[in-house]
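Subject: Structure for you to look at

Hello,

Here is the structure I promised to pass on. Please open it and keep it beside this note as you read.

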Amino acid sequence: MVSSTAPDLSVRIGSLTLKNPVMPASGTIAEGMTQVIDMGRLGAIVLKTITPDLRQGTLPPRVAEYRDATLFSIGIPSKGPDYLLEHTLPAYAACDAPLIASVSADTAEDFGKLAAYISDPRIAAIEANISCPNLKADGRAFGMDPEATREVIERMVAATRTPVWAKLTPNVGDITVFARVAEEAGAEALIVGNAILGMAVNAETMRPRLGNVMGGLTGPAVKPILLRMVHQCAKAVRIPVIGCGGITCGEDAVEYMLAGATAVQVGTANFIHPHTMTEAVDWIAEYCTRHGLSAAREITGALRPLHAPATAPTETV
Amino acid sequence: MVSSTAPDLSVRIGSLTLKNPVMPASGTIAEGMTQVIDMGRLGAIVLKTITPDLRQGTLPPRVAEYRDATLFSIGIPSKGPDYLLEHTLPAYAACDAPLIASVSADTAEDFGKLAAYISDPRIAAIEANISCPNLKADGRAFGMDPEATREVIERMVAATRTPVWAKLTPNVGDITVFARVAEEAGAEALIVGNAILGMAVNAETMRPRLGNVMGGLTGPAVKPILLRMVHQCAKAVRIPVIGCGGITCGEDAVEYMLAGATAVQVGTANFIHPHTMTEAVDWIAEYCTRHGLSAAREITGALRPLHAPATAPTETV
Amino acid sequence: MPDTALSPAPEARAGFPIEEALCEIVSNDAVNAEYRLMIARAPEAALRARAGQFFHLLCPATEAGQPFLRRPMSIYRIDRARGEIGFLYKVTGKGTRGLATLRPGETLNALGPLGRGFTLPQGTRHVMILGRGVGLATMAPLARLAAESGAAVTAVLSARSPELVMSRAELAAAGARVIEVVDTDGSSAPEEMEPHLTALHDERAFDYIATCGSNRLFRLARGLARSWGITGEIALEQHMGCGLGMCYACVIPVALPGGGEEYRRVCWDGPVFTLEEAMGW
Amino acid sequence: MPDTALSPAPEARAGFPIEEALCEIVSNDAVNAEYRLMIARAPEAALRARAGQFFHLLCPATEAGQPFLRRPMSIYRIDRARGEIGFLYKVTGKGTRGLATLRPGETLNALGPLGRGFTLPQGTRHVMILGRGVGLATMAPLARLAAESGAAVTAVLSARSPELVMSRAELAAAGARVIEVVDTDGSSAPEEMEPHLTALHDERAFDYIATCGSNRLFRLARGLARSWGITGEIALEQHMGCGLGMCYACVIPVALPGGGEEYRRVCWDGPVFTLEEAMGW
Ligand SMILES: Cc1cc2nc3c(=O)[nH]c(=O)nc-3n(C[C@H](O)[C@H](O)[C@H](O)COP(=O)(O)OP(=O)(O)OC[C@H]3O[C@@H](n4cnc5c(N)ncnc54)[C@H](O)[C@@H]3O)c2cc1C
Ligand SMILES: Cc1cc2nc3c(=O)[nH]c(=O)nc-3n(C[C@H](O)[C@H](O)[C@H](O)COP(=O)(O)OP(=O)(O)OC[C@H]3O[C@@H](n4cnc5c(N)ncnc54)[C@H](O)[C@@H]3O)c2cc1C
Ligand SMILES: Cc1cc2nc3c(=O)[nH]c(=O)nc-3n(C[C@H](O)[C@H](O)[C@H](O)COP(=O)(O)O)c2cc1C
Ligand SMILES: Cc1cc2nc3c(=O)[nH]c(=O)nc-3n(C[C@H](O)[C@H](O)[C@H](O)COP(=O)(O)O)c2cc1C
Ligand code: FES
Ligand code: FES
C-alpha cells in the first residue's frame, strides 16, 4: 500500500475524533496489555469500570469455557476513583490514544457524582456501564429499565463536561427503546453492548460451574445477537453506535460497521490473542484498499440488500 | 442395567404424563424423521407451528452456519389447520407418543380460534408460539409484550379444553415477568424458549447472509443463555418448565433439568444428528442409574450450591 | 406429478429407509485441481440410492473447526456389486475441505439416501443429459438408470475449457454418447448449442431431457423440451439445514400449473424438479 | 512485599517483555502414564522466564474442537544455552489432551513469560522445596535459581506411590538433595513428615520454604516456617481467562497483614504468594 493512497481510518465519536475505529471493551484490558502490544496504535483505550466504593467482586471460579464463548462472572472488583486517577491513568500516559473511563454505581445520583469526581483532562470520555449483569440480584441492571437508563445518563451529563457514552445491555427486549432514551438523555455515543446473562451447570457434580451461578456470556458465539442489536440501534438513533460482542478479527469489525457501527470494541479476544486489536486495525486498512474505499467511515452502514428490490419488494435495508 | 432397577423416566407436564422428558422442538422435525428414528420412543412429538392462513415463509437463503450455532430465518411457512388435521396427524398415527400442536396467528383472537379449530382428541396439548421472531417487522413478537402474552394464552385457554403450553421468547428483558403472566393466564407448561434474534453479514459482498437479514440463532452456542432463563423461570412459577436451546445430548438435557426443567426439547441437533433425541433418552436413564436416582423427575431442580453456605452466605440456590 | 415407476416417492419408503451410515473410505483422490472423487463402502440402505438422490455428509474438522451442518452431495456412483458409493465433489469451502482430508480406512458419516431423484417416463427411448460443472456428478447415475431401462443416452457436457470436462469416462462407461462443448471455443454458448442439439434431435428424437448446473442450460433445455413436446427434469441446489424435509431452509420457488408460485424443499420435494415447475438454476 | 532482587516485579519489565511466541516443538514425550514433558525452542523473551513464572499456551484442537481459552503452564525447565523451554504437564482435559498431540517440528503458541515467580530472600543458604504432584513442575527451576545464588536445596517430593514421584532427576541434576515420601507407606502423612523435616532443619537450618500442590503441604510448610521464624512462598493455581492480569477471573483470597482478606490475581499478583498471605492451596 502506497502511503499516498492509504485509507483514512479516523472516525468521529461525538465530539471526539479517533485515529481508527478499534478499541478494547471495558474490563478486558489492564496495564498488563502495555507489556504485549503498542496500545498507542488503538483508536482509544477503554478502562475497566470503577465504582465509588471498593469492591471485591464475585466468588471464584469466575470463568467457564465453551467451544466458542466464555462465561465470566467477575462482578466489578473496583479499587475506586482515586486509584484510577493516581495509578491507572499514569500507567497509560505513554500511550498515544485517548483514555475512556467507565463507571458504575448503585444509584443514578452516585453515577453522576462519580462522573464529576473523575472529570479530568486525561479522560476523553466516560462510559456509563449501566449494563453489568452481575451488579444486582438475579442479574438485573439499570440498563434493563428505560427510566433508570435515562436518569443515569442525565445525571452524568449534568455532572460533567466530559462526553458521556452509554453502554447498553443486550438483556432487554427491544434495545432501540434504550438507545433512544440514552440519546435523548444526552449520551454522545452508544456501546452495543455488554455481555449476555448466562449460566453453566456441571451435570456430574450437579453444581453450577461458576461461584456466582450466573455470568456474562461473551466471545464469538454472541456476535450474531449483538450484530443484530447494533443494526437495530444504528437505524434508531443519530449518535454513533460502537459495536461490541464477539469480535475476533478485522473482518468481524467490518461486519459490525456494515451493520451500522461507527467503531468497535474488542473484549474476550484480547485474552486469547492479545494482538487482535492491532491486527484488526491493519485488516480494516487493507479492506478499505481492496474495496476502493478512501476512508473507513464509508463502511459504516454500507450494507446493501441481498435481493434486488424487484424480486424482493419487502427488503428495505 | 437390570430391568427391575431401571429408572422411571416419566414426567408430568400439567395434566399429561410423558413416558420420558425428551421431545423435539417445534419446527425441527417433520414426517421425514419417521424414516430415520423410532419417534414412538420420544416423550412427545411437537409439530411445526401452523397459522390460520397459508404462508410461504421468508426469502432464501434461509440458513447461515456458525462454529457452534445456526441462524435460520424460515418465517413459519404454513399449510394451515386443515392440512394438519388431514395429513400431518395421520403421518404420526403409528408413533406411540402424544402429539403436541403449535399455533401462531396475527391476533390474539385468531390464536383462540385456531386452538378451537384444531382441538382434536389426537392432539394432547397445544403450544402457543408467541415467540417466533420472524413474524412481525423488526423481529417483534407477541411474546415481547406481557399483555399480549396474557391475552393470547387466555383466549386459547378459553377456546379449548386441550392443555395449552406457552412457548416464551428469549428476546425479552426479564423473562420471569412473561413466565408468571403465562401461568396466570392458564398455561399448563412453559417452553423456555424459542430462538434468539440474530443477524449475519458477509463482509466481502457487503450484504446480509440471509434473505430476511435477521434470523433465529439456535444450537449449542445459545445454551448458557436459555439455561439461565429456565433457571429463572423455574424459580418464578409452579407450572413445569420445558427447557429448549442448544441441547445436543443427554448431558445437556440433564443440565437443563438440574436448573429446573421438567422436560426438554431438542431442535437444531436433529438436523445434524437425527438420533440425538433417542440417544438422550438412553443417556438420561444411565445418568439416573449412575447417580442412584430411581426416577428422572428427581433431577428437576436438584442443582446444589457450589460453595458451602458458610463460605458463601450470598448463595441461596 | 410424473409417473414414478422408476423412482419411489419418499412417502412410499417403509421402515427406516434413511440411515446415518458409517462408511469406510476406500479412496478419496483428486481428479483435477478442483475436484475429488471419494469412494466409500456403504451399508445396504445407502446402496438403495437412486439417480438424483443425495447424501448429507458430516464433514471432518479442519483448522477452521468442525463444520456445524452437514453438506449435501449427490450420488455419483453406486456399485451394488462391490457395496460402494461414490461422490464427485468440488473443494470450495470449510466442509468440502474437510471431506478432502478423509483417508482410506477412515469413516464417513453419511445420512441418506435423501430426496426425490430423476424419474424417466415409462417407455423412454432416448435421453438427453445436459450438464455443466459439478452438476454433471448428479447425472452420471442417470445414464446408468437409462441404460438399465433400455434407453439410449446422449450426454452433452459443458465446461469452461476441455481439461475441466468432468465425468466423461463415467458417462461413456454407462453407455452414453458423449459430446463436449466448452467456453474457450464458444461452442457452449446457447445460440451455438441450440442448432447443434436440434440436429441431434432430428437425427434421433429425444423423449426426455435432464439438466443441471447452469441457468443458461436450464432455459435452453426447457425451450427445447417445449418445442419438441417432451418432458424433462432439472436437479437443483439450495443451502440446507437438515436434508430431511424438516427445517424448510432449502426452499426454491416453483411455478404452479395454474399460475402463481410456491416454495418447495430442494431436499425433500426435490432435488429433481420438472422443467415446467423449475424457475431457474 | 519481599525483597525482589532475584525476580523483577512485572511493572519493572520494560518494552514488550511479554511475547506471543511461536515455539518449535523439540520433543513431547510421555514420562509416565499421566505426565508428559514438552521441550520447545523459544525466542529470547521467553527464555527470560524466571522460576515460578508461567506461560499461557494455546492448545491444539482435538476431536472436541479447539480449546477456546489458553492454558497456564509453569516453566519446568529453561535451557538458555540451547534456547529451549520445557513444560511438565499432566494430561487431564481438553487442553492438555490437545497439547499431547503436538509433534516435533510443529508449533506451540506460548504467551509469556507471565506472573511473579519465586523470590529467594537475599542471603538464603538452605532452601526447602516441598511439593506434590504436578506442583513439582513449578519448583524444578527454583532449585536451579537457588543453586545459582549459592544456596543448598533439599527437595521433599510427595506422591501417591513411588512410581509417580516426578522431577526426581531434574531436581537432583540441579544439585538438590532429594527426599521422597509416598502415600503407600504413610510417609507422606503430615504427622510423619513434621518430625522428619524438623530433624532436617536441626541438621542444617532452612531459611526459606517453597511449596506447591497440596493443602496439607501448605499448612505443614506455614507451620514450620512460623515455628522456625523463616519466610516461605507457595505457588497457587486458579482457573484463568487472560493470564495477563486483565480479566480478574483468577482471583484467590489472601490474608491481609492487618487482618481481613482481599482477592488477588493468581496470574499477575502471583502465581507465587507468601506463606503468610496465602489461605490454602
Ligand atoms: C442436492 C445437492 C447435491 C449436491 N451435489 C454436489 C456434488 O455432487 N458435488 C459437489 O461438488 N457439490 C454438490 N453440491 C454442492 C455442495 O453441497 C456444496 O458445494 C457444499 O455444500 C459446499 O460446502 P463448503 O463448506 O465446502 O462450502 P461453503 O461455501 O463454506 O459452505 C457454506 C455453507 O453454504 C452451503 N453451500 C455452499 N454452496 C452450496 C451449494 N451449491 N448447494 C448447497 N449448499 C451450499 C454449505 O452447505 C454450507 O452450509 C450439491 C448441493 C445440493 C443441494
Ligand atoms: C500458574 C499455573 C501453573 C500451572 N502449571 C502447571 C504445570 O506445570 N503442569 C501441569 O500439568 N499443570 C499446570 N497447571 C494446571 C493446568 O493449567 C491445568 O491442568 C490445565 O489448565 C487443565 O486444562 P485441560 O483443558 O486439560 O483440563 P480441563 O479440566 O478440561 O480444563 C477446563 C478449564 O479449567 C481450567 N483448569 C482446570 N484445571 C486447572 C488448574 N489446576 N489450574 C488452572 N486452571 C485449570 C482450564 O485451564 C480450562 O479453562 C498450572 C496452573 C496454573 C494456574
Ligand atoms: C472478564 C470480563 C470483564 C468485563 N468487565 C467489564 C467491565 O468492567 N465493564 C463493562 O462495561 N464491561 C465489562 N465486560 C464486558 C465487555 O466489555 C464486553 O462488553 C463483552 O465482553 C462483550 O464483548 P466480547 O464478546 O468481545 O468479549 C467484561 C467482560 C469480560 C469478559
Ligand atoms: C429451522 C427452524 C425452524 C423452527 N420453527 C419453529 C416453529 O415453527 N415454531 C416454534 O415454536 N419454534 C420453531 N423453531 C425454534 C425451535 O423450536 C427451538 O425453540 C429453537 O431452535 C431452539 O432450540 P435449539 O437450539 O435446540 O435448536 C425453529 C427453529 C429452527 C432452527
Ligand atoms: S434442508 Fe431442511 S427442509 Fe430441506
Ligand atoms: S487470568 Fe485474567 S486476571 Fe488472571
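Predicted model: local features only at pLDDT ≥ 70, side-chain atom pairs only at ≥ 80, totals over all residues.

Chain contacts

Three pairs of chains touch. Chains A and B make the most contacts among them. Some pairs stay apart. Chain A does not touch chain C, and their nearest C-alpha atoms are 10 Å apart. Chains C and D do not touch either; there the nearest C-alpha atoms are 6 Å apart.

Chains B and C do meet. Chain B puts 38 residues into that contact, and chain C puts in 35. The size of an interface is often given as the accessible area lost when the parts come together. Between chain B and chain C, about 2,800 Å² is buried. Carbon and sulfur atoms give 62% of that area. Which residues of chain B lose the most area to chain C? They are B:Gln35, B:Glu65 and B:Ile272. Together these three account for 25% of what the chain B side buries.

The sheet in chain C

Chain C has an open sheet of six strands with mixed pairing. The strand order is β10-β9-β8-β11-β12-β15. At the edges stand β10 (177-182) and β15 (272-274), each with a single partner strand, so one side of each has no neighbour in the sheet. From one strand to the next, the twist averages 20°.

Look next at β8 (residues 126-132) and β11 (residues 208-212) of chain C. These two strands run parallel and are joined by five bridges. In one pairing, C:Met128 has C:Ile209 of β11(C) as its bridge partner.

Helix α3 (residues 135-148) lies across β8, β9 (152-159), β11 and β12 (231-235), and runs at about 165° to β8(C). Helix α5 (residues 190-203) packs on the sheet and touches β8, β9 and β10. The direction of α5 makes about 165° with that of β10(C).

Cavities

The whole structure holds three cavities of 30 Å³ or more. The largest cavity has about 110 Å³ of space. Its lining has 15 residues. Nearest the centre are A:Pro170, A:Met229, B:Pro170, B:Asn171 and B:Ile196. Helix α5 (223-236) of chain A and α5 (223-236) of chain B each supply at least two lining residues. By class, the lining has ten nonpolar, three polar and two charged residues.

Best wishes

Technical notes. Residues numbered from 1 in each chain as written. Chains lettered and ligands numbered in written order. Heavy atoms only, no water. 1 Å grid on protein atoms, 1.4 Å probe; cavity = no way out; pocket = protein on both sides within 12 Å on 5 of 7 lines; lining within 4 Å. Points joined across faces, edges and corners; volume = space filled by probe spheres on them. Helix = DSSP H or I, 4+ residues; strand = E, 2+ residues; numbered from the N terminus. Nonpolar A, V, L, I, M, F, W, Y, C, P; charged D, E, K, R; others polar. Pairing = 2+ DSSP bridges. Axes fitted to C-alpha atoms, helices over the stretch in contact; angles between N-to-C directions. Contact = heavy atoms within 4.5 Å. Buried area = accessible area lost by both parts, 1.4 Å probe.
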